[in-house]
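User: Please take a close look at the nonpolar core of this structure and the strands around it. I am new to this model and would like a plain, connected account.

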Amino acid sequence: MKSAQISKYGSTDVIEINQNTPEPTISSGKVLVTIKAAGINPVDWKIREGGMQQLVSLQFPSTLGMDFSGVIKQVGEGVSPDFKQGDEVYGQAGVTNGGSGAFAEIALANIETIANKPKRLSFPEAAGLPLVGVAAWRVLTEDMKLSKGQKILIHGGAGGIGSIAIQLAKELGAHVATTVSTNDKSFVQELGADKVIDYKTQTFEELLNDYDAVFDTVGGDTYRRSFKVLKKGGVIVSMLEQPDSELMNQYGVKAVFQFTQPDRQRLTKLAQWADQNKITVNVEKEFSLDEAGDALDYQRDLHPRGKVVLAIYR
């Protein structure tokens, strides 16, 4: 089978498109999946470049990729009757969570990191959803417990996580403000954002105050400035920054760091919500498996509107 692998860390040139990669061997508690599409996340290029070595230990050659959608080809022993050959599924198949790597024509996946694919979504759309969707779901419904009438600021609203978070926040009945670049203002308004701030020309902490929650997908100075918009007792959740106790005490708020690993239970809830509420997963660009390196660079350098995916139809 074909796969996109690395044998060392580095930039685009370390990616090898191997035409004769051995097909993964089925094992207990896992399924073999014919991959239809694979989603690109920032963590994918960070792993390629060696930036995640403290958290992710690879054995070379290693097949890249985590998020996927596809069709079950074979079921291992001990797999519940919920999954059978021919089922359309989505989730993660990364080597870091018991899989064989999603940037391939066939992948091994742990049943605890997959669920039945949302019926309304295409394979590319579903492949773009696992990590960003579960991250948004966990942060808004579990970490923040966001409820009707509350106010939330979502940074990076046009990105993969932000674009899903806006839709979920609106479904929960919240008032949503978001920061984006000039070109993305109409996009996030269509997703439901109530107040759109151009971070290049406007200063969000001068325009917003008394907010219940902030969802930070940007980090750095944006994270630190965000404490100013929160009311006492509010909460800020970041995908990038560890809680700053000094700022927490200064403003009387709670801070949380969220490192998301999609699991079967949340992926199932996410799929049900996607089917019931007509969620939009914006796939800005599709690449072929042969173009995996270009896809990773596109995600890293161009900050796509929504998602970038590899289309791997066999």
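Analyst: The largest nonpolar core has 44 residues, and L129, L140, M144, I152 and F215 touch the most other members. A nonpolar core here is a set of buried Ala, Val, Leu, Ile, Met, Phe, Trp, Tyr and Cys residues joined through side-chain atoms within 4.5 Å. Buried means under 20% relative accessible area, exposed over 50%, and partly exposed in between, with a 1.4 Å probe and protein chains only.

This is a predicted model, in which local features need pLDDT of at least 70 and side-chain atom pairs count only at pLDDT 80 or more, while totals for chains, interfaces and linings use all residues. Residues are numbered from 1 along each chain as its sequence is written, and side-chain values use heavy atoms, with hydrogens and water left out.

Two or more residues of this core come from each of α3 (130-143), β9, α4, β10, α5, β12 (211-216), β13 (230-238) and α9 (264-277). Helices (H or I, at least four residues) and strands (E, at least two) are DSSP runs numbered from the N terminus. Helix α3 gives the largest share, 7 residues. A second, separate core has 39 residues, including I35, M66, I72 and A93.

Back in the largest core, I152 is one of the residues that touch the most other members. Beyond its neighbours within four places in sequence, I152 is in contact (heavy atoms within 4.5 Å) with L140, M144, L146, A169, A174, H175, V176, A177, Y211, A213 and F215.

Next come the strands β9 and β10. Strand β10, residues 175-180, is mostly covered, with 5 of its 6 residues buried. Strand β9 (residues 151-155) pairs with β10 in the parallel sense over 5 bridges; two strands pair if DSSP finds at least two bridges between them. In this pairing, I154 stands opposite T178 of β10. Together with helix α4 (residues 160-171), β9 and β10 make a right-handed β-α-β unit. A crossover is right-handed if, with the strands pointing away from the viewer, the path from the first strand over the helix to the second runs clockwise.

Strand β10 also pairs with β11 (residues 195-198), again in the parallel sense, over 4 bridges, and V180 stands opposite D198 of β11. Here the chain crosses from β10 through helix α5 (residues 185-191) to β11, and this β-α-β crossover is right-handed.
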